[in-house]
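Please look through the structure shown here with an eye to its open space, its aromatic rings and its backbone. The paragraphs that follow take these topics in turn.

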Amino acid sequence: MKQNFTVRHGALDGVEAFLSVAQHRSFRRAAAELGVTPSAISQAVRALEARVGAVLFIRTTRSVGLTEAGERFLARARPAFEELVAASGAARELGQRPAGLLRLTVPRSVVPLLLERLVASFCAAYPEIEVELAASEKQVDLAAEGFDAGIRLGQFIAPDMIAVRLTKPLPLVIVASPDYLARRGRPRRPDDLRQHACLRMRRSNGGVAAWPLNDKGRAIELAVSGPFIAYDFPAVLGAATEGMGLAQVPAPLAAGAVKEGRLVRVLEPFAPMTPGVFLYYPGNRQIMPKLRAFIDHVKGRIDGAR
């Protein structure tokens, strides 16, 4: 038979009054400690005894003592109540000041692009907060998997999330190594991509992503093919650097390699814009101070860099 482990409604009522009376051996002193009347203490204890099903105190006109049932109840209730008080204090502390563990889910490409410098400065500014980054392209349920917030490109964020912009809109650029272009030629039009080795990404839903392009203001998606499929932008960018083919990635991610001459941008007039990178979190609950501190810090650093 299935047991019911649920605490009955009101089962904890009167426990604090009982503990105070047991400590002081006086209803009057317990009432003074808790700031209520002796009558209220007496009623709370009687209600508790009724729920427990046993008399907990021996009362006379001169003294108050514990029954055997009261001694047993005290032995178990006092440490449990102290733990509840400590738990409330610990939770209250996290609700009042920036402290604790801040868990963020982020794409691997965002870590070097945006977060390394921001997290370093944030940890220096808030030493009582620990930051945990889970780098993954997987779309996760923040609440179910215990994350405070996530960071993603705007087009991948669910509409029921609150989003905070971290970057301006970003172009998706197509890049290739000089060696690859020397061997295969430079594409001039979107249709030329069908004759090239295109390094693609698999979405978290299992499908291989088409390449979005902007053809004179008209948004198009092109199904391309190639020898390599990965789950994140850094992997396809690395393959492009090795001369395996063309890659389509956010412009800031390729900027260093382009500047160094290891990659070349092609089909630039056809580069589409993405909404940019956002921090997002559920909007149906109060923001904890640790997350509020991170949002304010990130927004301040980004605004200052503009």
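In this predicted model, strand β8 (residues 198–201) gives the most to the lining of the largest pocket, with three residues.

Strand β14 (residues 273–274) holds T274, which is buried at a relative accessible area of 6%; buried stands for under 20%, exposed for over 50% and partly exposed for what lies in between, with a 1.4 Å probe and protein chains only. Neighbours within four places in sequence aside, T274 is in contact (heavy atoms within 4.5 Å) with L153, Q155, P169, L170 and L172.

The aromatic rings come next. Five aromatic pairs are present, where rings of Phe, Tyr and Trp (its six-membered ring) pair if their centres lie within 6.5 Å, and planes under 30 degrees apart count as stacked, over 60 as edge-to-face and the rest as tilted. One of these pairs is F18 with F57, whose ring centres are 5.1 Å apart and whose planes stand at 45 degrees, so the pair is tilted. This pair links distant parts of the chain, since F18 lies in helix α1 (residues 15–24) and F57 in strand β1 (residues 57–59), 39 residues apart. F18 is buried, with a relative accessible area of 0%, and F57 is buried at 2%. F18 also pairs with F73: the centres are 5.0 Å apart and the planes at 85 degrees, so this pair is edge-to-face. Because F18 lies in helix α1 and F73 in helix α4 (residues 68–96), the pair ties together parts that are 55 residues apart in sequence. F18, F27, F57 and F73 form one aromatic cluster. Elsewhere, R103 lies over the face of F147, at 4.2 Å from the ring centre; a charge sits over a ring if NZ of Lys or CZ of Arg is within 6 Å of the ring centre and within 35 degrees of the ring normal.

As for the backbone, R25 has a positive phi of about 55 degrees although it is not a glycine; R25 lies in the loop between α1 and α2 (27–34) and is partly exposed, at 35% relative accessibility. K216, also not a glycine, has a positive phi near 55 degrees. K216 sits in the loop between β9 (211–215) and β10 (218–222) and is exposed, with a relative accessible area of 77%.

The pLDDT, the predictor's confidence in each residue from 0 to 100, averages 87 over the chain, and 91% of the residues score at least 70. Over residues 1–10 the pLDDT is below 50, and this stretch has two contacts in the model beyond near neighbours in sequence. Where pLDDT is low, the predicted coordinates should not be read in detail.

Residues are numbered from 1 along each chain as its sequence is written, and side-chain values use heavy atoms, with hydrogens and water left out. As this is a predicted model, local features need pLDDT of at least 70 and side-chain atom pairs count only at pLDDT 80 or more, while totals for chains, interfaces and linings use all residues.

Terms used. Helix = DSSP H or I, 4+ residues; strand = E, 2+ residues; numbered from the N terminus.
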